[in-house]
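Let's take a walk through a protein model together. Have a look at the picture first, then read on.

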Amino acid sequence: MSRKLRLGVNIDHVATVRNARGSGYPDPVRAALLAAQAGADGITAHLREDRRHITDDDIARLAAELTIPLNLEMAATDEMLAIALRHRPHAVCIVPEKREERTTEGGLDAAGQHNHLAPMVSALRDAGCRVSLFIEPDERQLDAALRLGAPVVELHTGRYCELAEDAREAELRRIADAAALAVKAGLEPHAGHGLTFDNVVPIAAIPQVAELNIGHFLIGEAIFEGLAPVVERMRALMDSAR
Ligand code: PXP
């Protein structure tokens, strides 16, 4: 039995539904508090440059009201850095961001962007934030994360999740190898993107992975079952894998 695997619940898409009508509901902060009660270990929110879901006010309220850790996902821009330094969330996950994409499509090129990322990682670390880089599970990106001084890497599970169940083996191995390599190098591996009840167990079973961040599926499924039962069921599936 390995360490308990933490669940970070991403509440972005509660804000997507709210913003579709420009109403005040549903409130992502209310969802975050409910997820915490249901067993989430942390809350993740991505403040995108175009504010298509989470807003600056949501981040301020999450920072003020949450009693569990907040993980702020953000692009590596000066605007986002200033916001992160203002709120000093427990964790900051730096993600690549393209305006035209529907979601975060690939990992961060930590290797290619070393000079741009290095001062950001240092500033966030100096502010007491646990910095994570959202990367593809490959050795070059792990080396880059290490050189940048980020203590955490979040391994992109998007490709694994898109594959048919009988074609996932090689990608699963790539993620497991990257997680093992990360720990060997002194990094804490997290994982996320695209995880559902049907595909989470093999990822949760990778013993080195310390945290999963899951959003879109949980919020969608909450329409049918309610947010608390959905978080509880995901938690139970993750626990069953350990
Ligand atoms: N981790 C990171 C770094 C992400 O960018 C996202 C999507 O915002 C997630 C996890 C959650 O992905 P999903 O919403 O597909 O569960």
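What follows is a short tour of the ligand site and then of some cysteines.

This is a predicted model, where local features need pLDDT of at least 70 and side-chain atom pairs count only at pLDDT 80 or more, while totals for chains, interfaces and linings use all residues. Residues are numbered from 1 along each chain as its sequence is written, and side-chain values use heavy atoms, with hydrogens and water left out.

Start with the ligand. It has 13 residues around it, and the closest are E73, E154, G194, G215 and H216 (a residue is near if one of its heavy atoms lies within 4 Å). Sorted by type, this shell has three nonpolar, seven polar and three charged residues (Asp, Glu, Lys and Arg count as charged; Ala, Val, Leu, Ile, Met, Phe, Trp, Tyr, Cys and Pro as nonpolar; the others, Gly among them, as polar).

Now zoom in on some polar contacts (pairs of N or O atoms within 3.5 Å). E73 puts a polar side-chain atom 3.1 Å from a ligand oxygen. G194 uses a backbone N or O atom instead, 2.8 Å from an oxygen of the ligand. For G215, a backbone N or O atom is 2.7 Å from a ligand oxygen. On its own, the ligand has 400 Å² of accessible area, and the protein covers 95% of that (Shrake-Rupley method, 1.4 Å probe).

What about the cysteines? There are zero disulfides here (pairs of cysteine sulfur atoms within 2.5 Å). C129 is in none, and its nearest cysteine sulfur, in C93, is 12 Å away. C129 counts as buried because its relative accessibility is 5% (buried means under 20% relative accessible area, with a 1.4 Å probe and protein chains only).

How values were computed
Polar contact = N/O pair within 3.5 Å; in protein donor to acceptor, adjacent residues only side chain to side chain. Buried < 20%, exposed > 50% of the residue type's maximum accessible area, 1.4 Å probe, protein only.
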